[in-house]
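Hi everyone, thanks for coming. Let me put the structure up, and then I'll walk you through how its two chains meet.

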Amino acid sequence: MSKVVGKPLRRVDARAKVTGAAQYAADARVPGAAHGFLVMSTVARGRISRIDVRAAEAAPGVLAVLTHRTMPRLRTPPGEVPYFKSFVPLQDDRIHHAGQPVALVVAGTLEQAQEAATLVEVRYDSERPRAALLDALDEAYVPPDSHDEPSEYTRGDVAAGREQAEVTVDVTYTTVTQHHNPMEPSVTLAVWDGADLTVHESAQGIGFTRSTLAEALDVPPRNVRVLSPYLGGGFGGKGPVWPHTLLTAAAAREVGRPVKLVLSRAHTYSSTGHRAETHQRLALGARRDGRLTFAEHTTTEQVSRTEQSLHAANKATRLLYGIPNLRTVQRAVRLDLPTGSFMRSPEATTSHVLECALDELSCELGVDPVELRLRNDTRVDLVTGEPFGSRYLAECFRRGAELFGWDRRDPEPRSMRDEDGLVGWGVAAAAHTGGGFPGGAARVTLSEDGTALVQSGTQDIGTGTYTVMTQVSADGLGVPTDAVRFELGDTRFPGAPLSAGSATVPCTVPGVFAACATARDTVVGMAVRDPESPLHGRDPGRITVRDGRLFVTGDPGRYDTYRAVVRRHGEPVVVNSPPQDSFSGYSTGAVFAEVCVHPRLGTVRVRRVTGVFDPGTVLNHRTARSQAIGGAIWNIGFTLTEHTLIDAHAGRVVNPNLSGYLVPVNADVPRVEVEFIDKPDPTSPALNARGFGETPSTGVTAALANAVYHATGRRIRELPLTPDKLL
Amino acid sequence: MSEPSQHAAEDSGPGRRSVLKAGGVSAAAVMMPLAPGGAAHAAPGPSAAPRAAADIALRVNGETHRVAVEARVTLLDALRERLRLTGTKKGCDRGECGACTVLVDGRRVKSCLTLAVMQEDREITTVEGVARGERLHPVQEAFVARDAFQCGFCTPGQIMSAVACVEEGHTGSRDEIREWMSGNLCRCGCYPNIVDAVRDAAREVRR
C-alpha cells in the first residue's frame, strides 16, 4: 500500500529555505515591535545589593527597564516538572548563577536596547561560588527519579557477577560542559491583543510553551497562541520553556507593545541549558569467552541550585547488552551554575563510557571489539523482560564491518602508520531511545479542489517533519504528495508533543496517518452512498484509493475522485484524529571510524566514518541519511573540540562564543558513509518506524576515542581529546 | 568578594568584532572589562550623546532603498530590521558563524561586521536576490537536490558563500571547497552535502 513513504522525497520546505522565504521566529513581521535585551549577572552566587536603572531609563528610545523590583510576579507550577524550569529570575534579589538575567531593557530599536543595557548599574553582595564538579564530588547525592529514569537501578546479583568475572576493567571517565549552539539563538516575539497573547517562538514544544506561558502570566491557555513554523535548530536547547520567554511576554504586557527578544550568542550560554559535566565510574567484567557477567556504572552529574533533574541517563548500560547482573546509579552535585538540560543525544554521555570500557575490555581479553559486542547482543529488553520490537544490532555490526573493511585492521596499537601519522580504527555501538510521548493528533481538511490540508501542532527542528508528514499524509489519503499541504508549529492545530527525545516521528506519524486514513474512509463512504457516484452501492471495503482516484479494487477504469466527491458534498470534509498513545522503542546501530593522529603535534584528524543503523522502517532515506551524517559530525565536535570552559573561581563561562567554543567546520569533516537496515518494527504504530534522530549522534564519540587509542596506544579518559592530552 | 559592580557587557572579552566595529555600543561593551575597577561609574561617554540618523541609499538586489540609520547600525540589522529582508540571518553578531553572509560588489561579507552607512554606492546581494524570478540559481538547485541543509538557518549564508566560492573558482577539489566554505558554520552537520552541492553547482555554472 505504501507508495511514497520510504522514498527519498526532496524536502517540501526546500524552496522556502534556499530563497530566504522561510520565516523563523525573529523574521515574523509585527508592526511596532519593540526590542528587548537582557542584562546578565556577572557574579554566580549572592544577592543584588543595589540596582540603578536611571541612566538606562533616560537613554534614547527606552520604554522600560524591568528589574526584580518592577517585573510583575510570574507564577511557576509547584515542584519540578519536566520541560519547564521552576526558577524564574527578576522575581527576587537572589543570584543562582552567572549570566542570570538581572534586568530586561525594552527600547524602540535593537541598538537602543543594547545601549541602555550597558547603562544598568548593578552591585552585588556576592559569595564565593562552587563551580567545578570534580572539586565537589564528596557532595554527590542521589536525587529523586527524574522523568521516566530511575536514579538507582539493580538487576541480578552484582556481587555474584563480579565473582564470575575472569577479566574486569574498572575505569573512571569524565565529560565536560557543552552547549547546544543551534545556529538560531532562542527568540521570543510576544504580541498582546487585549487579553490574547500571540508568541512567535523558537520552540521545540509549542504546546508546553503555551501552557507554561498561560500559567506564568495567569491567563487561560485558550488565550495564548504559540507559533513556530520554522526552527533554526534546537538540539534540546529549545525544548524546555526558559525564563526569557516568560519575561518577554510579561514585558510586552507591561509596555503595551509587542516585544522581540533574541538572545545574544553569549546569553545563550547561561539561558537555555547545557550538557552537564559528568564524572563516571564503570566496572565491567566478563568471562574469558567475552560474555559479560556484571556491570556497575555510577554517573555523577552537575545540577544547579534550583533544579535537580538529570539528563545523562545510563540507558545504554541497562539496555544495550545482555548484562545479567547490573547496577546503575545517577548522582547529582549542586553547583552555582545554570541548569543543565538534554542536549542532542543525552544518552551519548554515558554510552560513550560504556563503549570505551568495552574497548578496554576487548584489549584485556584479546577478543575483537566487534566480536565482543556480538557475543553480548540481546533480543530482550532486560529492564522490562520483553523482547525488543525488532532489533538488528548484529546485522548493523556485520554490514558496517564489511563496508569499513574492518577485517584489515591490525589490532595492535600504533601498528597502522602512514606518511601523515598514526592511523587508528575504532568501533562502537550507537543506541538511543526512539519512542514517543502520548498525545499526538492531527486534522485533515479535504477541499473541493481535491487537495488536502493536514495540520498538527508538531515542530520541524530541521529533521524533515514537513516532508515526512507530507509523505505519510499522501499514503494515508491515497493522493500524490503535491496534493497535500502539511502545516505545523501552531497551537491552534490539534496538539502534538515535544520534538525532543527522537520522538517526533513516533508521536506524530500515528495521528497524521490515522486522520488521513479516516478521511479516506469517510470519502469512500460518501461516494458509495451517493447515487451520482460511479461507485454508488459498492462495498466500501473493496474500494482502493490511489492518486486521488477511488475505484473498485482491480477495476481502475471506473472511478470517482476526491475532488468530485467533495464538490458534490458542497463543503470541505474535515476529520480529526484522536490523540495517540505512547510507544517505547530503542534504535541502535554500529559506527566505525578512522583517525590519523599527528605523532608530534597530537592533532586528531577524522578521516572517515561509517555508520549502519536500524531505525525500523526508514520513512525518507534522504532526510534520514542527512540526519545520520549530522549526528556523526556533531559527535566529532563532542569528542575532539567542544568544551565550555568555566572559571572555577568566578563560576563564569570563559568562552561564550563560537570562536572559543569550537564546533566542527566544513574543513574538519570527512565523508560519512551511511546505510540503513530498513526492516520494519512490527510493534511501532508509526508505520513500523521508530524514533531515530538521536541514535546516530551516539557511538561516534567512543568509536573516535577507541580509534585514537588504537592509533596511539594512549587511553584518554577525559573528553575532549585535545592535542595537549595526546602529546 | 563584596560589592563588585558591572557595566553589563554582552561580550566577555575583546573579540574579532572589536577591531572592525569601532564606534557605537559594541566597542564600548568590549572595552569595559579592560577598564580599571569595573567601569560602573564611568562617564556615559558617547552613548549619552544624541545620535543623528543618516539618510542613506542602499542598493540591494538591484533595488535602491532609502533608509535613515544611525551610524552604529550594522548592515545586517539594516537589512533585517529596516528593509525587512529577513532572509539574511543573525547567528552570532560577531563574525564567527557566517549566517549573515551577503555579497557586496560580488565579494562575500559578513554583514554583522560592517556598518550600513559604509555600504552606500555598493551593490549588495542577499539570498532573496539570487534566484531569477521563479528560476532558482544553480547553487540553490544543488542545495535542494543534495539535501545540503536541515534546519535551514545557516543556509542563506551558505548559499551566498557558495555562489562566491563558485565565482572565485575555489572548487577544484573537495578539499578546496571544504576549505573555502569553512567560514560558514552548520550545526545540523550538512557539510558533506554542502560540498556535493557546491561541486554540482560549479559544474552547472561552467557548462
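**Where chain B meets chain A**

Let's start with one pair: R187(B) and E642(A) form a salt bridge, with 2.7 Å between the closest N and O atoms. By salt bridge I mean a side-chain nitrogen of Lys or Arg within 4 Å of a carboxyl oxygen of Asp or Glu. Across the interface of chain B and chain A, the rule finds eight salt bridges.

A word on conventions: this is a predicted model, where local features need pLDDT of at least 70 and side-chain atom pairs count only at pLDDT 80 or more, while totals for chains, interfaces and linings use all residues. Residues are numbered from 1 along each chain as its sequence is written, chains are lettered from A and ligands numbered from 1 in the order in which they are written, and side-chain values use heavy atoms, leaving out hydrogens and water.

Now, how many residues of chain B are in contact with chain A? There are 69, and they touch 85 residues of chain A (contact means heavy atoms within 4.5 Å). The two chains bury about 6,400 Å² between them, 51% of it on carbon and sulfur atoms; that is accessible area (1.4 Å probe) lost on putting the two parts together, summed over both.

Finally, the inside. The largest nonpolar core has 179 residues, and L361(A), L446(A), L477(A) and F143(B) touch the most other members. Such a core is a set of buried (under 20% relative accessible area, 1.4 Å probe, protein chains only) Ala, Val, Leu, Ile, Met, Phe, Trp, Tyr and Cys residues joined through side-chain atoms within 4.5 Å.

Note on methods:
Buried < 20%, exposed > 50% of the residue type's maximum accessible area, 1.4 Å probe, protein only.
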